[in-house]
Amino acid sequence: MVKVLSYEDGIAAVYGGAILGGGGGGLLEEGLKLVEEIFAAGEPQLVDITELDQEDLVACVALVGAPSAVDQYISGEQLCWSYRQMNKHYEQRLKGIITNENGASTTINGWLQSVLLNVPVVDVPCNGRAHPTGIMGSLNLHEQQDYQSVQFYAGGKDDFAVQGFVEGNLQNTAKTARQASILAGGLVGVTRNPVTIDYLQKHGAPNAITMAIELGYRFLKGQTFEEKLANVVKHLNGTHIVSGKVTNYSLTKENGFDVGKLSVGDYHLTFWNEYMTLSKEGQLQSKFPDLIMTFDIEKMTPVPSASIQEGMHVAVIHVDQSLLTLSSTMQNEALLQEIDEVIKNVL
């Protein structure tokens with residue numbers, strides 16, 4: 001079924017995506033700004049995967065960079081350029097767009113291209129939550145023998161503007177796009193790694209965009225913060241862990257990522273763009289890909305790690321990974337091991 005998305009769906013997608021971002025997936029303000037741009041241009045289309053043939057090709061679109069970067073910039077033309085170049089590379093065979101993950105900005109990745117290029121967004125993101133590395137959103141393609149990644153990227157303005165193409169090992173191409181985001185001032189739009197519908201069904205996160213929209217509507221339905229938080233916890237079968245003042249907050253930028261930590265009461269969180277660990281009194285309580293998420297109590301909004309400030313009053317929730325719609329990459333131990341190497345430096 002093809003659904004024409006409404007402006008209200010867009011707002012809900014941003015809020016629901018922000019929650020499923022788990023600390024990453026872009027900034028709420030940027031997502032809401034993008035919704036205005038999308039629906040000023042037209043109405044995007046969301047298509048169920050069953051509407052496409054098993055051998056049809058779809059390409060992933062993603063925003064790559066550090067969420068806190070102050071010089072980030074990307075235009076609709078840059079987003080469309082990368083998709084057009086990919087479609088040209090594959091001899092006009094692309095039938096749709098998929099996003100890399102759920103997040104405040106990333107759930108609606110591809111919606112502007114859908115409007116401007118009249119291409120449907122397929123409701124199977126590469127992951128149903130946000131994740132830090134490009135390869136975690138690459139559907140375990142790196143395990144396919146002799147697989148060669150293809151990525152087109154563009155972003156930045158004025159002296160920061162870059163665009164380009166890279167092909168090769170998936171790890172190396174993902175790192176190249178990440179490096180390009182640094183040169184672009186913090187962000188590039190990427191079209192990458194076309195796959196068949198058959199492959200996507202086996203490795204992606206079916207209906208995860210619809211899930212983000214439904215979650216966003218549930219959140220927005222609450223009149224008070226307590227109602228909003230209760231709606232989210234109930235909808236996700238999660239747990240409200242703690243509320244309190246943020247202390248010991250630190251954030252550093254490392255290789256295009258935001259890395260840091262914070263405390264709320266007796267609980268301690270680490271993040272690598274997304275929240276990675278939740279601990280209490282030195283005992284690990286939860287670890288990525290479990291969903292750990294913070295909410296600004298005063299503004300009554302989900303707040304990602306890059307927007308946290310010392311002294312902010314926040315609520316922390318937790319949802320076990322078994323209750324989330326996730327990619328096959330979230331069970332790939334080799335990919336998850338990299339988290340330990342990053343986080344040990346901030347503990």
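Which residues in α2 are buried? In α2, the buried ones are L28, G31, L34, V35, I38 and F39, where buried means under 20% relative accessible area, exposed means over 50%, and partly exposed lies in between (1.4 Å probe, protein chains only).

## Before we dig in

What you're looking at is a predicted model, so local features need pLDDT of at least 70 and side-chain atom pairs count only at pLDDT 80 or more, while totals for chains, interfaces and linings use all residues. Residues are numbered from 1 along each chain as its sequence is written, and side-chain values use heavy atoms, with hydrogens and water left out.

Helices (H or I, at least four residues) and strands (E, at least two) are DSSP runs, numbered from the N terminus.

## Helix α2

Back to α2, which covers residues 28-41. Seen down the helix axis, the buried residues of α2 fall within an arc of 125°, so they line one face of the helix; that arc is taken from the directions from the helix axis to the C-beta atoms. An α-helix has 3.6 residues a turn, so residues three or four places apart point the same way. On the other side of α2, E29, K33 and A40 are exposed.

So what covers the buried residues of α2? The cover includes α1 (7-20), α4 (111-117) and β15 (301-303), with contact meaning heavy atoms within 4.5 Å. The length of α2 checks out too: its 14 residues should span 20 Å at 1.5 Å a residue, and its end C-alpha atoms are 20 Å apart. That expected span is 1.5 Å times one less than the number of residues.

## Strand β9 and its partners

β9 pairs with β16 (residues 313-319) in the antiparallel sense, over six bridges. Two strands pair if DSSP finds at least two bridges between them. Here K245 stands opposite H313 in β16.

β9 also runs antiparallel to β10 (residues 257-264), joined by seven bridges. E254 has F257 in β10 as its bridge partner. Two residues sit between the strands in this hairpin, and N255 takes a positive phi near 55° there.

D158 isn't a glycine, yet its phi is positive, about 55°. You'll find D158 in the loop between β6 (149-155) and β7 (162-168), and at 68% relative accessibility it counts as exposed.

N237 also has a positive phi of about 55° without being a glycine. Its place is the loop between α8 (225-236) and β9 (239-254), and N237 counts as exposed at 55% relative accessibility.

Finally, a cis peptide bond joins F288 and P289, with omega about 15°. P289 lies in the loop between β13 (283-287) and β14 (291-296).
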